[in-house]
Amino acid sequence: MFDNLSEKLGGILDRLTGRGSLSEADVDAAMREIRRALLEADVALEVVRSFTDKVREQAIGATVVKSVKPGQMVVKIVNDELIAMLGSDSQAIDLNAVPPVPIMMVGLQGSGKTTTTAKLARRMTQRDKRKVLMASLDVYRPAAMEQLAVLGRDLGIDTLPIVAGQKPPDIARRAMEAGKLGGYDVVLLDTAGRTTLDEEMMTEAAEIKAAASPHEVLLVADSLTGQDAVNLARAFDQRVGLTGIVLTRIDGDGRGGAALSMRAVTGKPIKLMGTGEKTDALEDFHPSRIAGRILGMGDIVSLVEKAASTLDAEKAAAVAEKMRKGKFDLADMREQLQQMSKMGGIGGLMGMMPGISKMKNQIAAAGIDDKILKRQVAIIDSMTREERKNPDILKASRKKRIAAGAGIKVEDVNKLLKMHRNMADMMKAVSRGKGGPMAGLAKA
Ligand code: GDP
């Protein structure tokens with residue numbers, strides 16, 4: 001899977017990782033190569049452009065982390081951007097609705113629709129312990145209906161009895177009725193495909209959708225068709241509305257163009273992928289795992305992640321040290337608030353400071369959550385450097401300007417300043433071993 005692409009990207013990145021330093025020109029040269037590799041993999045041009053721009057910008061602006069080579073940093077950046085391009089989180093089929101939950105499968109003929117319907121039914125039955133009914137709505141090819149019935153018999157999964165002469169929307173209604181009467185959890189509707197995208201197919205799909213109100217509308221698309229699959233998804237989404245994509249024949253796809261562009265171009269998640277002809281060859285689409293398979297550089301990625309988290313911890317400790325000495329201005333406070341968000345909220349940093357951890361509950365009770373942390377950062381961002389260094393100069397007119405800049409009230413600026421003072425006092429107290437007057441912070 002994605003072998004060609006993987007080999008090319010691997011080669012480009014390998015050459016970077018060994019080097020002690022990287023110039024802007026080196027990064028640019030690598031980006032040109034990555035761009036070529038992605039275009040050869042049939043990734044959409046707009047997606048390639050945005051990808052290389054983002055990687056370049058981050059690679060050049062990246063903080064150099066101790067114990068990590070610049071090239072390794074680039075691998076991590078490429079990895080993260082690949083994950084983002086693939087859709088970040090894996091998205092499961094949503095069965096959260098009143099049963100029987102209708103799921104509609106659409107796509108071109110030969111894309112693997114019927115096989116995927118059976119695969120999905122098998123997984124829902126065996127893994128998720130759901131009672132599934134499959135129905136073929138392909139009235140144009142009687143063989144298609146028979147194919148689903150055979151698959152159902154093999155798997156021990158019920159299929160809707162075939163009634164000659166019924167129209168697809170009527171079959172959909174009958175399937176839902178049978179689903180209700182039979183106490184099924186899920187009804188899978190396998191619609192008819194055509195060899196090419198045509199208006200008739202779209203109209204019919206829209207009619208079936210209206211008749212069955214499916215909870216999921218899944219486009220089954222052949223990954224080997226690259227950009228055609230992406231264009232198909234866009235057309236189906238505009239005309240019928242999709243909730244997700246299933247990419248089939250990933251097992252034979254050396255390039256990966258459809259998988260890599262699908263999410264970015266259509267905004268729709270790839271929910272599943274077909275990895276073979278057998279009915280158990282269906283997998284969830286996990287962007288991070290796919291990126292890992294494409295790059296094959298998992299070791300470097302985890303090395304950089306570890307180094308970066310160490311850096312965060314060091315930064316947090318440095319701020320904590322300043323706080324302990326009561327010597328921290330609003331810029332420090334901003335850094336600290338951000339670290340707090342990163343380290344799992346206010347509790348994370350407090351946990352590092354002796355004598356403070358017991359106040360965590362009070363802080364939580366005061367409703368100082370991460371949303372408020374973000375707003376505090378926004379207020380500090382609206383200040384000048386001088387104001388951050390020396391909060392005492394903040395009189396009425398400056399406060400008014402800051403409030404306007406951050407889109408909040410002067411009152412909120414006052415609250416922030418009070419919190420800053422309280423924290424400074426508290427830290428001083430803690431450093432003298434007294435425990436902190438945290439009630440002040442809670443009121444801020
Ligand atoms: P439909 O016309 O869209 O219903 O397509 P079918 O389900 O009949 O599939 C067409 C062919 O593709 C069959 O030979 C399937 O075995 C094959 N197929 C479906 N999904 C996959 C897949 O993920 N990998 C591979 N290698 N073959 C698949």
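**Exercise 1. Determine how helix 1 and helix 2 are oriented relative to each other.**

Step 1. Two packed helices are described by the angle between their axes and the distance between the axes.

Step 2. In this predicted model, the axes of helix 1 (residues 3-17) and helix 2 (residues 24-40) come within 10 Å and cross at roughly 175 degrees. Axes are lines fitted to C-alpha atoms, for helices over the stretch in contact, and angles run from 0 to 180 degrees between N-to-C directions. Helices (H or I, at least four residues) and strands (E, at least two) are DSSP runs, numbered from the N terminus.

Step 3. Helix 1 and helix 2 are therefore roughly antiparallel, a term for angles over 145 degrees.

Residues are numbered from 1 along each chain as its sequence is written. Because the model is predicted, local features need pLDDT of at least 70, side-chain atom pairs count only at pLDDT 80 or more, and totals for chains, interfaces and linings use all residues.

**Exercise 2. State which residues of helix 1 and helix 2 meet, and classify them.**

Step 1. Helix 1 contributes Leu 5, Lys 8, Leu 9, Ile 12 and Leu 16, and helix 2 contributes Ala 30, Glu 33, Ile 34 and Ala 37. Contact requires that the C-beta atoms of two residues, placed from the backbone, lie within 7 Å.

Step 2. By class, this contact holds seven nonpolar, no polar and two charged residues. Ala, Val, Leu, Ile, Met, Phe, Trp, Tyr, Cys and Pro count as nonpolar, Asp, Glu, Lys and Arg as charged, and the others, Gly among them, as polar.

**Exercise 3. Describe the residues around the ligand.**

Step 1. Of the 18 residues around the ligand, Gly 112, Lys 113, Thr 114, Thr 115 and Gly 274 come nearest. A residue is near a molecule if its C-beta atom, placed from the backbone, lies within 6 Å of it.

Step 2. Helix 5 (residues 113-126) supplies the largest share of this shell, three residues.

Step 3. The shell divides into one nonpolar, 13 polar and four charged residues.

How values were computed:
Angles under 35 degrees count as roughly parallel, over 145 as roughly antiparallel, 65 to 115 as roughly perpendicular and the rest as oblique.
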